[in-house]
Amino acid sequence: MSKLQLVFSPRAKERLSQIAEYLSGQGLPDSFVVEYLNQFELWLNKVLLEFPESGIELTEYGYGIRKVCYKKYSFVYRVTGSQIEILTVFRENLP
């Protein structure tokens with residue numbers, strides 16, 4: 001089996017940029033924002049590269065679309081060939 005690679009779609013990159021802007025707008029230091037977003041990528045690499053089928057299937061969005069959650073954010077992804085593509089990111093609704 002070939003080694004999988006984690007990639008972010010343009011939409012996912014835009015969403016991460018929006019999250020960064022929001023956090024910066026809350027007065028948080030840039031170093032915190034960068035570290036916070038780096039934690040997303042480290043966690044995704046650890047979990048999805050080891051267990052690519054671990055996410056909940058979202059069959060209503062299409063075949064092979066899955067979702068994992070981390071720090072109250074959902075990451076929607078699919079495994080295609082030798083990559084795991086993060087399609088989008090969104091904050092889960094809180095009760």
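The notes below take these topics in turn.

This is a predicted model, in which local features need pLDDT of at least 70 and side-chain atom pairs count only at pLDDT 80 or more, while totals for chains, interfaces and linings use all residues. Residues are numbered from 1 along each chain as its sequence is written, and side-chain values use heavy atoms, with hydrogens and water left out.

**Helix packing**

- Helix α1 spans residues 10-25 and helix α2 residues 30-50; helices (H or I, at least four residues) and strands (E, at least two) are DSSP runs, numbered from the N terminus.
- The axes of α1 and α2 come within 9 Å and cross at roughly 145 degrees, where axes are lines fitted to C-alpha atoms, for helices over the stretch in contact, and angles run from 0 to 180 degrees between N-to-C directions.
- On the α1 side, Leu16, Ile19, Ala20, Leu23 and Ser24 meet Asp30, Val33, Tyr36, Leu37 and Phe40 of α2; contact means heavy atoms within 4.5 Å.
- The residues of this contact comprise 8 nonpolar, 1 polar and 1 charged, with Ala, Val, Leu, Ile, Met, Phe, Trp, Tyr, Cys and Pro counted as nonpolar, Asp, Glu, Lys and Arg as charged, and the others, Gly among them, as polar.

**Aromatic rings**

- Rings of Phe, Tyr and Trp (its six-membered ring) pair if their centres lie within 6.5 Å; planes under 30 degrees apart count as stacked, over 60 as edge-to-face and the rest as tilted.
- By this rule there are 6 aromatic pairs.
- Phenylalanine 32 and tyrosine 36 are stacked, because their ring centres are 5.7 Å apart and their planes lie at 25 degrees.
- About one helical turn separates phenylalanine 32 from tyrosine 36, because the two are 4 residues apart in helix α2.
- Phenylalanine 32 has 38% relative accessibility and so counts as partly exposed, whereas tyrosine 36 is buried at 15%; buried means under 20% relative accessible area, exposed over 50%, and partly exposed in between (1.4 Å probe, protein chains only).
- Phenylalanine 40 and phenylalanine 75 form an edge-to-face pair, because their ring centres are 5.2 Å apart and their planes lie at 75 degrees.
- That pair links distant parts of the chain, with phenylalanine 40 in helix α2 and phenylalanine 75 in strand β4 (residues 73-80), 35 residues apart.
- Phenylalanine 40 and phenylalanine 75 are both buried.
- A cluster of Phe32, Tyr36, Phe40, Trp43, Tyr70, Tyr73 and Phe75 is linked by ring pairs.
- Arginine 91 lies over the face of tyrosine 73, 5.5 Å from the ring centre; the rule asks for NZ of Lys or CZ of Arg within 6 Å of the ring centre and within 35 degrees of the ring normal.

- Serine 9 sits in the loop between β1 (5-8) and α1, and is buried at 7% relative accessibility.
- Leaving aside neighbours within four places in sequence, serine 9 contacts Glu85, Ile86 and Leu87.
- Glutamate 85 belongs to strand β5 (residues 83-91) and, at 15% relative accessibility, is buried.
- Not counting residues up to four places away in sequence, glutamate 85 touches Val7, Ser9, Val76, Tyr77 and Arg78.
- Arginine 78, in strand β4, is partly exposed at 32% relative accessibility.
- C-alpha to C-alpha, arginine 78 and glycine 64 are 5.7 Å apart in space, and 14 residues apart in sequence.
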